[in-house]
Amino acid sequence: MAELKYALYTGCTARESTPELLMSTMAVAKKLGIELILLDEASCCGASHLQDFDDFLSLVLNARNICYAEKLGLPMVTICNTCQLNTVMTKERLDSDEDLKSQVNEKLAEVGLEYKGTSSVRHFLYALIDDYGLDKLAEKVEKPLSDFNVAAFYGCHNIRPSHIHHKHNSKVIEKDVGEGGGEEGFTTDPMMAKYNNNENPYNPNSLDRLIEALQGKSVDYDSKNKCCGFHADLQAPKTANRLTGTALLDAIDNDADMMVTPCPLCHLNMDVKQHAVAKEMGRDIALPVLHLPQLVGLALGIDPKELGLQHNVSEATFV
Amino acid sequence: MSTERITKKLTFKTFRFNAETDFLPYFKTYEMEVGKDELVLDILNRIKWEFDGSFSYRRSCRHGICGSCSIKVNGKPVLSCKQNVWELVDIFKTDTLLLEPQSKKRVVKDMIIDKKDFWDKHARLKPYLEAEIDEHPEKEILVSPEEAEELLEADYCIQCGNCYYACPVVEVNEEYFGPAQFAKAYRFNADVRDTAKRERLEAVRPMGPGVWDCVKCFECAEACPKDVNPIEKITKLHNQLFEEGMAEDNVATRHAVGFKHSIKKHGLLDEGELVRYSEGNIGVLKHLPEAIAMFKKGKIVMPWNMPKSKNLDEIKTLVKSSSKVKF
Ligand code: SF4
Ligand code: SF4
Ligand code: FES
């Protein structure tokens, strides 16, 4: 197999409030021989909030980020669900609307860039599962997670809206699907999972399959595909805390020893806010919450320090 | 050619409850051979006709247009008369399907729910065209294809309620209008003939019931059988509030605008500063316990260490030249 090489779009959170996400991603990639080139030129994706204020500006900025992956001639990989969704939504809109694309390119030309649409954009979770391969990953496990019940928390922006993710996060690309391929051939039915082994947003399984490849036991609980409320944290804290709390307690009540998520924003709510959330829910909450690469890294036998476990707020010392 | 009909033996676990006689809901299981052209509505009919005449559900048009037959199958909101059963078997990889009403806490009988809250909230957003219409016009009021395009998707809404009962905010905040209602507000706001745009924006901008309380989970986009994409319409209502100069200065609007300031300054988001900017100097204090916990764990970047994007000049140029909205 050819070497795996990606342009890594870190997003803001991995550079600031979840430094452990970047550390663990780099450590896991190194151990697996995946080459990651950091896109240091990239800006914030707008996280769906800039989009509420100035949609066109968010398109231009996201297109610029993709330009840098295109310049390297590499597929882009993301480590945040919200970055993934905002980047692919931009890509979708520009790739399907020549007029919009030329408006955006007119702006990008001012800084000597051009968006072409040549780089794919996928979340690291699916790069691990589909590009690297679960079987190969399973062979690399040095410290099986056999003692642990792990609750997979998927995070909205990696599973919904599913037709976008089927197109970008999935291994099966447009031209392989349906008669003749192209827009016509690609199913817009949200859940035509028969075309690929990708997520059913009402019963996602990628993280569960990953946990099992690491020999952990994946917890079956209702909240795994629900929202943590992050995007309304400031304006509707009660709503956000209830959503976070319901999911955490659901995992706890189903015997989870820890939770894992591919999204640093879910991680912030689930890990950092347990105290505030416990107050809202009227129950104690204490559950280690790991970033996806932290969990993978532990199973690969990487030193917990290198995975930044010391940065997690909810103690993850049992590992 | 064989005329033998190919079927699958499937099990339907069905939610049963009669508010008039039952204390608790229960599940009843029905097994049947199902052909590949059968829809969920065919199954509901067969349960009633072949197994239990008291089984209750709503349906009317059978053409995916009246919005009355929505239920949930294995947690997925579906329009019964549109959803093929074998397809569900395929995507859930199971021979057992769970049939439930859209919202269990609103059940009247079996699949039938009380949609009063849905319609009440709907009515509050002027779900109709308000326009000064000449009763004896000399010629038609022309709407260009481009203008019609703006509202087309939203116009496809059949008020089935799939998005509304899937929305997690509706579940925890009784005031919240909900996705279908916002999609409808957008439908008429985007109509060039309408004159009540500002009134609707007035209604959707307060925190609590309004558009700022959306958690952006995309459940509504996923649930909609007509591809209305309500969350996208909510985003457009946000945009309209800014464009019309009707966005109030509050934590939600400052949160959105704060992204632009931060990106212009650093390329990346200054997360700490964003919270301060959104909440104000006093409001930010309520986040102190979390900030301290984060600080102890090395999760807070000090202003002097704030990372910046490489080629920041480009970003500054683009923010300046591409920014279309003022606040
Ligand atoms: S995206 Fe917003 S409106 Fe849609 S279901 Fe989620 S919270 Fe509700
Ligand atoms: S927006 Fe879609 S899901 Fe919501 S009520 Fe209308 S048709 Fe149903
Ligand atoms: S019966 Fe009218 S939409 Fe299904």
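Visitor: How much area is buried between chain A and chain B?

Guide: Please keep in mind that this is a predicted model. The area buried between chain A and chain B is about 6100 Å², and carbon and sulfur atoms give 61% of that. On the side of chain A, the three residues A:F53, A:Y202 and A:L234 supply 15% of the area that this chain buries against chain B, more than any other three residues.

Visitor: And how many residues does each chain bring to the contact?

Guide: Chain A brings 76 residues to the contact, while chain B brings 69 residues.

Visitor: How many salt bridges are counted between chain A and chain B?

Guide: The count is six salt bridges between chain A and chain B. In a salt bridge between the two chains, the side chain of B:K310 meets that of A:E41, with 3.7 Å from N to O.

Visitor: You mentioned A:Y202. Where does A:Y202 lie in chain A?

Guide: A:Y202 lies in the loop between helix 9 (182-185) and helix 10 (206-213) of chain A. A:Y202 counts as buried because its relative accessibility is 13%, and the cut-off for buried is under 20%. A:N225 is 23 residues apart from A:Y202 in sequence, yet the two are 6.9 Å apart in space, C-alpha to C-alpha.

Visitor: Changing topic, in what order do the four strands of the open sheet in chain A come?

Guide: The order is 6-5-7-8, and the pairing is parallel. Strand 6 (217-218) and strand 8 (289-291) of chain A are the edge strands, each pairing on one side only. Further in, three bridges join strand 5 (residues 149-152) to strand 7 (residues 258-261) of chain A, and A:A151 has A:M259 as its bridge partner in strand 7.

Visitor: What about the backbone: which residues does the cis peptide bond join?

Guide: A cis peptide bond joins A:R160 and A:P161, with omega at about -10°, and A:P161 is found in the loop between helix 7 (156-159) and helix 8 (162-168) of chain A. Most peptide bonds are trans, and most residues other than glycine have a negative phi. A:D255 has a positive phi, near 70°, and lies in the loop between helix 11 (237-253) and strand 7 of chain A.

Visitor: Is A:D255 buried or exposed?

Guide: A:D255 is exposed, because its relative accessible area is 53% and exposed means over 50%. B:N74 also has a positive phi, near 50°, but B:N74 is buried, with a relative accessible area of 18%.

Visitor: What do strand 3 and strand 4 of chain B form around that B:N74?

Guide: They form a hairpin with two residues between them, and B:N74 is in the turn. Strand 3 and strand 4 (residues 76-79) pair in the antiparallel sense over four bridges. Strand 3 of chain B also pairs with strand 5 (residues 96-100), again in the antiparallel sense, over two bridges. B:K72 has B:P77 as its bridge partner in strand 4 and stands opposite B:E100 in strand 5.

Visitor: Last topic, the ligands. How many residues surround ligand 2?

Guide: Ligand 2 is surrounded by 13 residues, and the closest are B:C157, B:C160, B:G161, B:C163 and B:C224. By class, this shell has nine nonpolar, three polar and one charged residues. Around ligand 1 there are 14 residues, of which B:C167, B:C214, B:C217, B:F218 and B:C220 come nearest. The shell of ligand 1 has 12 nonpolar, no polar and two charged residues.

Notes
Residues numbered from 1 in each chain as written. Chains lettered and ligands numbered in written order. Predicted model: local features only at pLDDT ≥ 70, side-chain atom pairs only at ≥ 80, totals over all residues. Heavy atoms only, no water. Near = heavy atom within 4 Å. Nonpolar A, V, L, I, M, F, W, Y, C, P; charged D, E, K, R; others polar. Pairing = 2+ DSSP bridges. Contact = heavy atoms within 4.5 Å. Buried area = accessible area lost by both parts, 1.4 Å probe. Salt bridge = Lys/Arg side-chain N within 4 Å of Asp/Glu carboxyl O. Buried < 20%, exposed > 50% of the residue type's maximum accessible area, 1.4 Å probe, protein only.
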